[in-house]
Amino acid sequence: MSSELQKAFCYEPGVKHPVLKEISIPEPKENQVLLKIRAAGLCLSDVHVVESGLLSYDYPFAMGHEISGEIYKSGSLVDSVTYPIGGKFAVYGVKNCSHCEFCQDGRQNLCNNNGSQWYGLGVGGGYEHYVIVENPVHLIAIPEGVSFEQAAVASDAVLTPYHAVSTVSLNPSKRVLLIGLGGLGSCALQIVKSYNPYIVCVDRKEDLKSIADEFGADEFYTDLTKSDVPKKSFDAVFDFVAIQSTYEVSQQYVKNGGIIKPVGLGQEKITFNLSDLGCRDVKIIGSFWGTPKEQTEAMILVQRGIVKPVITSYKFEDFPKAYELLSTGKSKGRLVLSM
Ligand SMILES: [Zn+2]
Ligand SMILES: [Zn+2]
């Protein structure tokens, strides 16, 4: 097994897209699981990472952090009742130690000891056929009725907005501004909608009005600053683009005392008007991915039809085509490799 090779789309420094390579299929060590990948979602953050070109990891490794599949082989210490061969699981994307204060508290997304490694970033990810799961606690069981594609997408595109939204108090009297209706934003809209606030969506892509309409947004604009929507009128702003220009819109339109959550890691540094922020008691709150418990809840949202991720499937070998669509802003919803 250890001498067998697999095709993988890998990070390569200085190259502006993941590169097809042949790498070995690893043998699982004592407490590891080898997962046969059945679906892997493509995330825009991969494009940001590749284009920044600033990573100091050991190469090569396959990218892709939305992963689901079946257990193919396990190390000798893995509990085969909880983690049976053929069992269907999604991967929890944040490689975590399971014993630091944050992991002990169920907030593995904040693990102190993850060495800045996530599945698909520093260690093998989803754009390959077999991936080593470093610890079986990084596996989340897929509920009945949830497909591999949905489970993959739920591990980031549903989980990340679920984590961001569920920590804000929303109800029908609140007004929410949602910026960006891509892979995460289109799921965020459905999650926000489940609390029934008044929802205004913004995306510079006119054709995403169909997503806004389908999932119950009250208003949609390509440019909020050219609309009649009053400034300082939203209790919460979720910004899934998170670049300087969308941040500025967020601060102009958030109410006094309101909350801004920049969720996409669109830009490393953003500047803000401190005197306006301070005088109006506006809160900017960071939000990173989600917890394993929330990942199960995200899949239950999908299972119950409360969130219907917009998914387009591609064959593994068509990865370059899908990546091109994603990186040039021509994709709609989530693009997923089906294997
Ligand atoms: Zn992502
Ligand atoms: Zn930890």
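This is a predicted model: local features need pLDDT of at least 70, side-chain atom pairs count only at pLDDT 80 or more; totals for chains, interfaces and linings use all residues.
S98 is not a glycine, and yet it has a positive phi of about 70°.

Residues are numbered from 1 along each chain as its sequence is written, chains are lettered from A and ligands numbered from 1 in the order in which they are written, and side-chain values use heavy atoms, with hydrogens and water left out.

Now to the overall division. The chain is split into domain 1 (5-159 + 289-338) and domain 2 (168-284), with bounds that come from an automatic or database domain assignment. The C-alpha centres of the two domains are 28 Å apart, and their contact (heavy atoms within 4.5 Å) takes 15 residues from domain 1 and 15 residues from domain 2.

How much area do domain 1 and domain 2 bury between them? The value is about 1100 Å², 62% of it on carbon and sulfur atoms, where buried area is the accessible area (1.4 Å probe) that two parts lose on being put together, summed over both. On the side of domain 1, A157, V310 and K332 lose the most area to domain 2, together 34% of what that side buries.

The count of salt bridges between the domains is 0, a salt bridge being a side-chain nitrogen of Lys or Arg within 4 Å of a carboxyl oxygen of Asp or Glu.

Finally, a search of the whole structure finds 13 aromatic pairs, meaning rings of Phe, Tyr and Trp (its six-membered ring) with centres within 6.5 Å, where planes under 30 degrees apart count as stacked, over 60 as edge-to-face and the rest as tilted. The rings of F9 and F316 have centres 5.2 Å apart and planes at 50°, so this pair is tilted. Because F9 lies in strand β1 (residues 5-10) and F316 in the loop between β16 (311-315) and α9 (319-327), the pair ties together parts that are 307 residues apart in sequence.

Methods. Helices (H or I, at least four residues) and strands (E, at least two) are DSSP runs, numbered from the N terminus.
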